[in-house]
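My notes below follow the order in which I looked things up.

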Amino acid sequence: MNEVAQSPRSAVEQAVVLVVDDEPDLLELVGLTLSRMSLKTRTASDLQSARRLLKAERFDLCLTDMRLPDGDGLDLVAWIQENRADLPVAVITAHGNVESAVRALKLGAFDFVSKPLDLGVLRKLVGSAIRLRTAPDEKTADFAPRLLGSSATMEQLREMLVRVARSQAPVHICGESGTGKELAARMIHESGARREGPFVPVNCGAIPTELMESELFGHKRGSFTGALADKKGLVQSAEGGTLFLDE
């Protein structure tokens, strides 16, 4: 197999997006949208063509439809995870097809966007992926000073944190009290596309049940007794970053 170096581009290089879809109208729409973001695009209409381009050229993001003439977009997601693990890949799903989107995220997709395309959502997705791709490469060794241990299990954990950080999917961190769940969450945040946004940890156990809704989602002045002013919720405070809900 022909290998292509996939190192991050410098800030002055124009990023390139591979768009995989067999609908000419959609390819044209996405191409115009990305060109207005000063991004180059290459297109492929099937899995075979996409794999050939990925082997021969350098890309910063792959955006693929789920249904292609010669296979499933999930096959391409899996192929990229095996052969170009550092390349973000996002999928285009049919409206309301949540099951396919979840499967793609589990396979390692960065994110998904539904048809009919919301161009605002598409631009936001692409922008996040490009920021992740053009940032300095995060190596598992960077976690060593804070994540102590050199066992095979710890090495697997470091690799998993790096991999998870490259996705926009929600993350469930399991572990007993004191094992470093918040530390792992911070590492994921600092290595992902949302690292420039806030990291908002929430100790859910310390919030009374009757105040949980107000704390998470905020409230307006006068909405209940004691609400003397508008209050921004924790979810809104974490916009653009990471909300860590600790038990």
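**Entry 1: overall make-up**

How many helices and strands does the secondary structure of the protein come to? I counted 9 helices and 9 strands. I noted at the start that this is a predicted model.

Next I looked up burial. Of the 247 residues in the protein, 40% are buried.

Then I checked contacts along the chain.

**Entry 2: helix 3 and helix 4**

At what angle do helix 3 and helix 4 pack? I found about 10°, with the axes 9 Å apart. Helix 3 covers residues 73-83, and helix 4 covers residues 98-107. Angles under 35 degrees count as roughly parallel, so helix 3 and helix 4 are roughly parallel to each other.

I then listed who makes the contact. Helix 3 brings Leu-74, Val-77 and Gln-81. Helix 4 brings Ser-100, Arg-103, Ala-104 and Leu-107. I sorted the residues of this contact by type: 4 are nonpolar, 2 polar and 1 charged.

**Entry 3: aromatic rings**

I searched for paired rings. The count comes to 1 aromatic pair. Phe-199 and Phe-244 form it, and the pair is stacked. I noted 6.2 Å from centre to centre and 20° between the planes.

Where do Phe-199 and Phe-244 lie? Phe-199 is in strand 8 (residues 199-203), and Phe-244 is in strand 9 (residues 242-246). The pair therefore ties together parts that are 45 residues apart in sequence.

Phe-199 has 15% relative accessibility, so Phe-199 counts as buried. Phe-244 has 9%, so Phe-244 counts as buried too.

**Entry 4: Ser-214**

Ser-214 is found in helix 8, which spans residues 212-217. Is Ser-214 buried or exposed? Its relative accessible area is 10%, so I wrote down buried.

Which residues does Ser-214 touch, leaving out those up to four places away in sequence? I found His-219, Phe-224 and Gly-233. I also looked up the spacing to Gly-233. Ser-214 and Gly-233 are 19 residues apart along the chain. Their C-alpha atoms are separated by 6.8 Å.

Notes:
Residues numbered from 1 in each chain as written. Predicted model: local features only at pLDDT ≥ 70, side-chain atom pairs only at ≥ 80, totals over all residues. Heavy atoms only, no water. Axes fitted to C-alpha atoms, helices over the stretch in contact; angles between N-to-C directions. Helix = DSSP H or I, 4+ residues; strand = E, 2+ residues; numbered from the N terminus. Parallel < 35°, antiparallel > 145°, perpendicular 65-115°, else oblique. Contact = heavy atoms within 4.5 Å. Nonpolar A, V, L, I, M, F, W, Y, C, P; charged D, E, K, R; others polar. Phe/Tyr/Trp six-rings, centres within 6.5 Å; stacked < 30°, edge-to-face > 60°. Buried < 20%, exposed > 50% of the residue type's maximum accessible area, 1.4 Å probe, protein only.
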